[in-house]
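Subject: Structure for you to look at

Hello,

Here is the structure I promised. Please open it alongside this email; my notes follow below.

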Amino acid sequence: MFSYLFGILLLLLFVCCSGEYKDLGKQYKSWTVAGGSKENIKYADLQQIDTQNVKDLEVAWIYHSEGADSLKFSPMETNPIIVDNILYGVSPKMKLFALEAGTGKEIWVFDPRDSLKTGKWVRNSENMNRGVTYWSSSEDKRIIYTVGPYVYSIDAVSGALIKTFGDQGGIDLRKGLGRDEKKSNMTPTSPVMVYKDLFIVSGQVDEETPGHIRAFDVRTGEQLWIFHTIPHPGEFGFDTWKDSTAYNTKGSANAWSGFSLDEKRGLVFAGIGNPTNDFYGGKRLGDGLFGNCILALDAETGKRKWHFQTVHHDVWDMDPSSAPILVTLNKEGKKIDALVQTTKTGLVFILDRETGTPIYPIEERAVPTFGAVEGEVLSPTQPFPVKPAPFARQGMTEKDLNSLVSPSSYEDIKKRYASYNSHGIYTPPSINGTVIFPGYDGGGEWGGPSFDPETGILYVNSNEMTWVLNLVKLEKTTNTKKTNLEAGAILYKKHCMSCHGPERLGAGDYPTLIGVDKKYSLIKFNELLATGRRMMPPFNHLSLAEKNAIASLVLEMDKKQAEIYAGKPETLEISSGEENESPDYSFTGYNKFLTQEGYPAVNPPWGTLNAIDLNTGEYVWKIPFGEFEELKKKGIPTTGRENYGGSVITSGGLLFIAANSDGKFRAINKSNGKILFETDLPAPGVATPATYEVNGKQFVVIACGGSKWGGKKGDAYVAFALPDKK
């Protein structure tokens with residue numbers, strides 16, 4: 001009798017568990033949403049490609065999204081989606097396309113330039129797009145995607161603009177923010193999030209535009225609600241700004257990295273960017289909510305549910321670098337619906353999804369404030385999770401200097417390091433130089449982590465790159481008349497130097513401005529300032545006279561030319577505020593701290609891949625991620641390299657990832673970190689892969705657009721699959 005009852009119990013347990021797993025599998029069988037699901041965990045319950053046969057992967061198809069390899073492309077960062085066996089992606093020139101997902105055969109292409117025929121829209125062909133969004137109701141099937149400040153609604157079947165949406169098929173996100181739309185800009189880089197019949201959006205903004213989160217009717221484009229990320233009078237958080245006019249004057253605090261959604265609870269989540277100025281907070285004293293916050297909103301109404309600030313009064317550009325992901329943990333035998341936020345600092349914040357309460361303790365610890373520049377008031381403490389431990393180093397000392405280089409190179413970085421301030425991740429910015437480590441693009445980046453709901457393991461790829469931050473005190477100019485060239489120099493320091501450097505030489509993502517006079521006329525240059533391009537926002541808050549003054553410097557006009565081409569008097573009256581105001585600072589650009597050989601000034605690893613069991617907060621494995629061929633040939637073990645884009649986890653036991661500056665695509669055993677498959681891509685795949693099935697065959701696809709490190713660029717989407725059985 002006992003054995004009979006025990007058998008029945010086991011059978012019921014098997015049925016229950018099988019049902020639970022079956023539901024889990026059904027939930028994650030498709031890739032109809034960027035990030036794989038609205039929880040954004042980048043997981044697929046697909047097993048055809050597994051740890052045993054992944055070595056046999058081969059290229060299934062390649063789609064050239066611009067049709068020619070000889071063109072110059074901007075990097076592609078798109079995670080494509082697949083709906084009804086159709087793959088939707090975006091080209092380097094921001095064209096939306098639909099392909100047969102099993103063959104890569106083109107079905108249709110929508111070029112935003114076509115919208116110019118209506119006279120309604122302006123196309124920014126070199127923006128960024130990290131994904132598109134699908135919505136349907138009966139026979140109405142749409143793709144919602146963004147180009148510059150515009151949101152388009154496209155028929156998913158035909159690729160045609162849906163003219164009943166907004167104004168002839170699109171809406172302008174510069175409108176409805178509550179600021180002067182002619183001086184505002186919002187350029188989404190991450191896909192919008194759909195909830196029922198509305199979509200939610202924020203995006204990259206300029207220095208004087210707030211990053212408010214808004215919802216729009218998916219059918220009509222009508223704005224339905226707005227959440228002020230810089231609170232207005234009477235709203236929660238208003239008193240965290242010492243400047244009572246901040247709601248009407250300050251910019252950023254934007255959800256540039258996208259959203260995750262708990263559809264059952266009707267909660268939308270975002271990581272909010274820092275307020276501007278990025279590196280000097282003397283003009284925005286206080287903690288400044290909702291900058292640097294994990295934010296939970298009611299998706300239906302936009303009402304705040306809870307928030308958690310990951311950095312108080314950020315002056316290091318250490319805002320959340322990806323959308324939160326939504327997970328279910330099994331902690332001490334209790335299931336908890338949680339939210340996970342990885343950061344540029346290498347910290348992992350794990351919070352209860354409904355309340356924002358930490359799942360593992362988070363401590364407010366004292367941080368250095370000595371050496372802050374005049375006018376700055378830093379927070380004396382910052383939040384640090386007790387668990388998990390950071391997945392990136394939290395600071396750099398002299399013993400961490402790169403010892404792999406030549407003696408002369410080592411002495412050079414040692415001498416430079418001695419002149420900088422370096423006391424951990426929250427060392428105050430300074431004029432003489434502050435070491436930023438694990439880096440502006442350090443820790444976890446915009447690709448975000450992936451999560452395995454079967455095991456509770458989080459996977460995150462990380463950077464550890466040394467940078468140096470140098471502040472520059474700006475000249476006070478109170479209603480002072482300057483020549484166009486003098487005014488241009490002042491305005492360049494304030495608005496342009498932070499990206500292009502004091503000598504206009506550029507660095508990283510930001511190009512040199514030397515020689516642009518050979519490519520741009522005054523008219524074309526001012527058009528660029530008006531529209532922006534890729535990382536560069538528009539500068540519509542500047543007057544035409546101010547734009548002309550910057551042009552006179554950058555286009556290297558002599559005094560006579562500056563007067564003639566600007567079409568203005570010789571002098572321009574400019575002002576940076578009252579004499580009794582606190583000083584203002586800019587910085588000299590994004591400057592890496594490198595050895596003479598061009599490697600990071602810190603000892604490796606320079607990039608890692610980490611597996612963390614969220615049920616316990618402990619690490620499962622950690623490996624260097626990426627390699628330098630020339631160092632391998634010298635017998636130096638794998639060092640890791642910079643990486644951008646995320647990974648995909650499957651129930652076949654695999655982690656798929658490109659992301660690395662070495663240009664490889666890899667499949668890794670998710671249980672132990674062993675590389676099982678590795679191949680070179682036509683250009684680095686600085687994006688997150690997608691995996692899906694068509695007619696029972698599993699594919700993995702990656703956008704190969706090249707990277708911010710120079711070198712190869714491209715327009716190819718490359719799909720991998722197992723060879724057909726003969």
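A residue counts as buried under 20% relative accessible area, as exposed over 50%, and as partly exposed in between. Gly-710 has 35% relative accessibility, so it is partly exposed. Gly-710 sits in the loop between strand 43 and strand 44. Its C-alpha atom is 9.5 Å from that of Ser-661, although 49 residues separate the two along the chain.

Keep in mind that this is a predicted model. The protein chain has an average pLDDT of 88, and 87% of the residues reach at least 70. Two stretches need care. Residues 1-23 stay under 50, with five contacts beyond four places in sequence. Residues 121-125 are also below 50, yet this stretch has 26 contacts in the model beyond near neighbours in sequence. Where pLDDT is low, the predicted coordinates should not be read in detail.

Now the core. The largest nonpolar core has 39 residues. Trp-61, Leu-87, Phe-656, Phe-665 and Tyr-692 have the most contacts inside it. Several strands each supply at least two of its residues, including strand 2 (58-64), strand 40 (664-669) and strand 44 (713-721). Take Leu-87: beyond its neighbours within four places in sequence, its contacts include Trp-61, Phe-97, Leu-99, Tyr-692 and Val-701.

Last, helix 7 (residues 544-554). Eight of its 11 residues are buried, so the rest of the structure largely encloses this helix. Among the buried ones are Lys-547, Asn-548 and Ser-552, along with Ala-545, Ile-550 and Val-554.

Best wishes

How values were computed. Residues numbered from 1 in each chain as written. Predicted model: local features only at pLDDT ≥ 70, side-chain atom pairs only at ≥ 80, totals over all residues. Heavy atoms only, no water. Core = buried A, V, L, I, M, F, W, Y, C linked by side-chain atoms within 4.5 Å. Buried < 20%, exposed > 50% of the residue type's maximum accessible area, 1.4 Å probe, protein only. Helix = DSSP H or I, 4+ residues; strand = E, 2+ residues; numbered from the N terminus. Contact = heavy atoms within 4.5 Å. pLDDT = per-residue confidence, 0-100.
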